Number of protein chains: 2
Amino acid sequence: MAGFCIDQRRRFEGKVWAVVQPHSVEAVQKTVRYCYEQQIPLTPQGGNTSMCGGATPSDSVAGLGIIVSLSKLNRVREVNLADNCITVEAGRVLQQVQQDAAAVGRMFPLSLASEGSCQIGGNIACNAGGVNVVRYGPMRDLVMGLEVVLPNGDLLSHLSPLHKNTTGFDVKHALIGSEGTLGIITAATLKLFAPARTHVTAWVGVDSIDHAVALLELTQQHFAERLSSFELISDFALELSSQHTQLSQPLSAPWHVLLELTDSTDNTLLPEQLGECLLGAGFENAVLAESEQQREQLWSLRENISDAQRHLGASIKHDIAMPIRSVASFVHACAPVLQAAYPNAKIVVFGHLGDGSLHYNVFMPDVLSNDVYQYEAGMNALVYEQVFAVGGTVAAEHGIGQLKTKWMDKMRSGTELALMLAIKKQLDPNCLFNQGKVLPD
Amino acid sequence: MAGFCIDQRRRFEGKVWAVVQPHSVEAVQKTVRYCYEQQIPLTPQGGNTSMCGGATPSDSVAGLGIIVSLSKLNRVREVNLADNCITVEAGRVLQQVQQDAAAVGRMFPLSLASEGSCQIGGNIACNAGGVNVVRYGPMRDLVMGLEVVLPNGDLLSHLSPLHKNTTGFDVKHALIGSEGTLGIITAATLKLFAPARTHVTAWVGVDSIDHAVALLELTQQHFAERLSSFELISDFALELSSQHTQLSQPLSAPWHVLLELTDSTDNTLLPEQLGECLLGAGFENAVLAESEQQREQLWSLRENISDAQRHLGASIKHDIAMPIRSVASFVHACAPVLQAAYPNAKIVVFGHLGDGSLHYNVFMPDVLSNDVYQYEAGMNALVYEQVFAVGGTVAAEHGIGQLKTKWMDKMRSGTELALMLAIKKQLDPNCLFNQGKVLPD
């Protein structure tokens with residue numbers, strides 16, 4: 001059972017007396033009803049890829065509980081092209097769902113680093129984000145219907161795809177993002193989209209973050225939903241990646257933007273339209289990928305930043321997002337505060353500017369990997385303070401889990417927390433589901 | 001006060017001792033706190049365009065209450081192009097918001113018949129739908145942030161645009177669609193989009209509803225989000241509209257589809273691509289609009305169906321939606337049931353096939369306008385039974401209001417209704433907000 005009890009980053013380890021892997025929804029219900037009657041705490045688990053200890057039992061679990069793993073509940077129930085959707089069970093791996101969509105000439109857009117092992121149920125429970133949010137939104141926006149086993153064993157089933165429906169308070173959205181504290185998601189109906197047949201990729205040098213934001217406004221106004229990626233990269237981050245990959249830098253500039261337009265048609269006009277749009281607005285320091293190979297090289301520079309940095313020292317990471325408009329002021333305010341407290345700290349700034357979420361990685365070149373975490377709490381607190389100052393969030397796409405419960409009251413009011421507790425109490429009166437997660441003690 | 005107490009269709013009339021029209025959020029809070037202390041029931045009201053009596057006091061209000069009209073709280077707070085959003089107060093009229101967006105080179109896509117008088121706060125409270133849902137989703141999908149005065153007078157304020165954020169159970173979505181029973185929306189941050197520079201409009205004759213659904217699948221796979229309208233029209237509906245408008249029918253077929261692609265760029269390839277796509281898949285009985293005038297004529301045929309029908313007798317309408325895949329079987333099952341019970345009834349079928357919502361209008365040629373409503377309850381019950389049989393909803397885009405509370409338990413389970421009551425009790429323990437609406441007695 002060891003693999004189920006510890007998270008992938010080996011930072012959270014829990015104890016249970018059993019791991020249950022149901023093959024059917026009925027078996028999930030039977031398990032949950034037994035736990036309800038016997039007052040046994042349970043932790044729902046998908047691919048166990050949480051970055052916040054959301055899927056491993058916490059220390060606060062009263063007595064020994066069980067893990068309910070959804071891995072064996074992983075079938076495709078149905079493809080429905082009329083409604084442009086697919087119904088899959090919770091344990092299906094994200095990458096499989098992407099392949100299921102491709103097999104019927106469609107595309108499922110959620111895409112993130114752990115897609116080869118994370119599961120759809122966990123993605124929904126955590127409202128996962130990833131690289132395509134600028135165009136398609138987070139997981140919440142991709143769910144049409146849910147099937148959920150509630151803490152008393154009742155089955156809530158709304159898998160029927162309704163594109164318009166308003167019948168009382170929305171229960172589906174209360175469950176999405178509740179991280180297994182309100183029920184076990186057993187299946188979901190997910191939206192499908194047309195696949196891309198045209199990709200146009202540009203690397204643009206900009207003078208400042210605000211200059212990059214102006215470019216974002218411009219491309220969204222001209223190309224609408226076609227804007228599929230809009231990545232910001234600091235010159236320092238590019239330098240690290242260029243050295244690491246042995247790929248030359250596409251151009252020199254203080255800040256860099258990697259943007260991509262995609263189109264479901266063979267849109268031969270698009271490269272020229274993008275070129276004209278950039279030149280017309282004075283973004284002359286720019287490169288358009290002329291071949292698939294060149295496109296891959298540009299993306300390789302972006303994707304290797306974390307790897308490049310790993311060679312120089314372990315880093316403290318932050319799952320933060322903020323209004324796009326405020327990214328520049330956050331970056332300018334945060335660096336001096338951090339460097340005053342940690343003079344040796346190096347900051348690597350890059351991320352999805354198109355959705356306001358940043359990788360804000362801090363590393364200490366002189367500190368050995370395992371020792372860097374002694375600084376984590378202190379650095380987090382300094383960074384988070386700056387995030388809150390611009391109306392941002394410190395749980396952009398990884399959820400709260402057991403790592404961030406203490407930050408909840410900085411982001412949600414007392415009235416909201418009281419409402420969350422009332423919802424929790426109504427559905428899970430004995431507080432058996434995923435104890436110690438999401439809600440502050 | 002009379003205008004505030006009766007709905008636009010003159011079917012629901014309530015009594016109050018005052019109508020309050022606050023000019024500021026503080027004044028809303030002061031009013032609500034007073035009501036909370038004095039236990040005075042209140043009905044929030046926007047443009048008073050509800051089709052279900054949602055904005056007029058119901059008979060079930062215990063004693064006399066007040067109406068809080070948001071009409072005077074109607075400013076634009078802020079335009080934020082970096083985040084592609086606008087923050088407006090609840091009383092702003094929908095059409096004004098569309099114009100606010102156009103003034104900054106953007107587009108706000110919610111569009112519906114009452115847009116000249118309905119207000120944004122009401123649109124959010126009812127999760128309004130309209131004609132652009134196939135591409136942009138309902139109001140729920142267009143809201144980035146909310147400011148709400150809760151029943152105890154507390155202000156819940158999350159107007160900051162966060163594109164990624166998961167911090168506990170989603171309170172915003174509980175409020176959207178709650179129809180004024182959980183709080184008074186005072187402002188909202190709304191998504192903006194790129195305006196269309198290219199329109200390609202086609203009228204396609206199809207053999208059956210399933211044939212129309214195949215066309216929908218085809219266009220969504222090829223043209224993705226560009227598909228902005230996909231309207232189904234029965235031959236009978238077209239005949240009525242053609243006679244009424246004196247416009248000739250574009251082609252002969254048992255069923256008709258009016259579809260439109262829009263594009264934010266000058267996409268000169270699009271008409272030919274659509275033509276090839278239609279021909280390639282055997283949709284040869286089709287007309288592409290060659291001019292703006294021809295486009296307007298095609299739309300005029302669609303938009304005049306209701307008017308054409310009004311001349312022949314008052315009709316019983318249904319706000320229904322269902323999985324797109326099931327529209328054909330619903331239409332085939334419902335007509336014989338209705339005609340068995342009401343042999344003279346004429347059924348006019350048309351609607352937004354692209355989002356599964358149908359106008360299913362029934363009229364009795366021999367029955368005078370004011371007399372037709374004696375058949376409403378009976379016809380509704382027959383139609384709704386068929387809707388439920390295919391997993392549909394009888395509150396697609398108008399909400400529940402006071403008209404449809406008795407149907408709630410056909411669409412929501414006992415567990416869900418209990419959860420809704422718990423949420424209601426937590427936020428509004430004295431049940432003062434919009435009594436008699438949404439939740440069944």
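Q: Before we dig in, what counts as a salt bridge here?
A: A salt bridge is a side-chain nitrogen of Lys or Arg within 4 Å of a carboxyl oxygen of Asp or Glu. Keep in mind that this is a predicted model.

Q: Okay, so what does B:Arg325 form a salt bridge with?
A: Its partner is A:Glu78, and the closest N and O atoms of the two are 3.2 Å apart. Since the cut-off is 4 Å, the 3.2 Å of B:Arg325 and A:Glu78 falls within it.

Q: How much area is buried between them?
A: About 7600 Å² is buried between chain B and chain A, and carbon and sulfur atoms give 54% of that. In chain B, the residues that lose the most area to chain A are B:Lys164, B:Thr166 and B:Phe169, together 13% of what that side buries.

Q: What about polar contacts across the interface?
A: There are 53 residue pairs in polar contact between chain B and chain A, counting pairs with both residues at pLDDT 80 or more.

Q: Switching to sheets now. In what order do the three strands of the open sheet in chain A come?
A: The order is β1-β3-β2, and the pairing is parallel. β1 (16–20) and β2 (42–45) of chain A each have a single partner strand, so one side of each is left without a neighbour in the sheet. On average, neighbouring strands are turned by 20° against each other, direction ignored.

Q: How many bridges join β1(A) and β3?
A: Four bridges, in the parallel sense, link β1(A) to strand β3 (residues 65–69) of chain A. At one of the paired positions, A:Val20 has A:Val68 in β3(A) as its bridge partner.

Q: Which helix lies across those strands?
A: Helix α2 (residues 25–38) of chain A lies across β1, β2 and β3 of chain A, and it runs at about 165° to β3(A).

Q: And in chain B, what is the order of the five strands in the open sheet?
A: It goes β4-β5-β8-β6-β7, with antiparallel pairing. Here β4 and β7 of chain B stand at the edges, and the twist averages 15° from one strand to the next.

Q: Which residue stands opposite B:Val148?
A: B:Leu156 in β7(B) does. Strand β6 (residues 143–149) of chain B and β7(B) pair in the antiparallel sense over four bridges.

Note on methods
Residues are numbered from 1 along each chain as its sequence is written. Chains are lettered from A and ligands numbered from 1 in the order in which they are written. This is a predicted model: local features need pLDDT of at least 70, side-chain atom pairs count only at pLDDT 80 or more; totals for chains, interfaces and linings use all residues. Side-chain values use heavy atoms; hydrogens and water are left out. Two strands pair if DSSP finds at least two bridges between them. Helices (H or I, at least four residues) and strands (E, at least two) are DSSP runs, numbered from the N terminus. Axes are lines fitted to C-alpha atoms, for helices over the stretch in contact, and angles run from 0 to 180 degrees between N-to-C directions. Contact means heavy atoms within 4.5 Å. Buried area is the accessible area (1.4 Å probe) that two parts lose on being put together, summed over both. A polar contact is a pair of N or O atoms within 3.5 Å; within protein, one must be able to donate a hydrogen and the other to accept it, and residues adjacent in sequence count only if both atoms are side-chain atoms.
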